[in-house]
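I opened the notebook to look up charged side chains. My notes follow the model below.

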Amino acid sequence: MRDHMNSAATKAKVEQSRRKDLMGASGSGTAQSRYQRLDNELERNNQDFIEEHLQQQQQMIDQQDQQLDKVGQSVGVLKQMGEQIGDELEEQAVMLDELDDDLDRTDNKLKGVMRKVDRALKLSDGQLGHVHNYLTSLISSFCF
């Protein structure tokens, strides 16, 4: 019998009985249920509040994700535009280099023609000085 009194199941039953006595379970079942209902209602209100805020946070996260996707798309478009501008600038730099080379060749040819004209006029001992001045001004006006 002593073993039965010291068993865990017996001790648990005794403890449960003591708790019921302390809580007044024998005559105040309605008071306990009232408090239990209040606790349940508070718990339900807290859960509703938490769920509502979680939903709001999830909506905000979803909106932010959508906005980030749009920003990412805009960045992609800007990257493509930047690459196209860079390509165009490279092409124009090549074209400008070619134009500069052409202008250098034309300038050298013009200088050669001007030297020949000067020599031809010097050979004529200044007899055609006015023609020289006219040709020089005419050539200069076409070049510049």
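**Charge pairs and a patch**

I looked up Lys79 first: Lys79 makes a salt bridge with Glu83, with the closest N and O atoms 4.0 Å apart. My criterion is a side-chain nitrogen of Lys or Arg within 4 Å of a carboxyl oxygen of Asp or Glu.

This is a predicted model, where local features need pLDDT of at least 70, side-chain atom pairs count only at pLDDT 80 or more, and totals for chains, interfaces and linings use all residues. Residues are numbered from 1 along each chain as its sequence is written, and side-chain values use heavy atoms, leaving out hydrogens and water.

I noted that Lys79 and Glu83 sit 4 residues apart in helix H3, about one turn. Helices are DSSP runs (H or I, at least four residues), numbered from the N terminus. Lys79 is exposed at 55% relative accessible area; Glu83 is partly exposed at 43%. Cut-offs: buried is under 20%, exposed over 50%, partly exposed in between (1.4 Å probe, protein chains only).

How many salt bridges does the structure hold? I found 3. Asp102 and Arg105 form one of them, at 2.2 Å from N to O. Both are in helix H3, 3 residues apart. Asp107 pairs with Lys111 at 3.5 Å. These two are 4 residues apart in helix H3, about one helical turn.

I then checked the surface. Asp97, Glu98, Asp100, Asp101 and Asp104 gather in a patch of negative charge. Patch members have over 30% relative accessible area and no salt bridge; like charges are joined within 9 Å, nonpolar side chains (Val, Leu, Ile, Met, Phe, Trp, Tyr) within 5 Å. Asp104 lies in helix H3 (residues 29–123) and is partly exposed at 42%.

Note on methods
Accessible areas come from the Shrake-Rupley method with a 1.4 Å probe; for residues, only the protein chains shown count as cover. Lys and Arg count as positive and Asp and Glu as negative; His and the chain ends are not counted. The place of a charge is taken as NZ of Lys, CZ of Arg, CG of Asp or CD of Glu.
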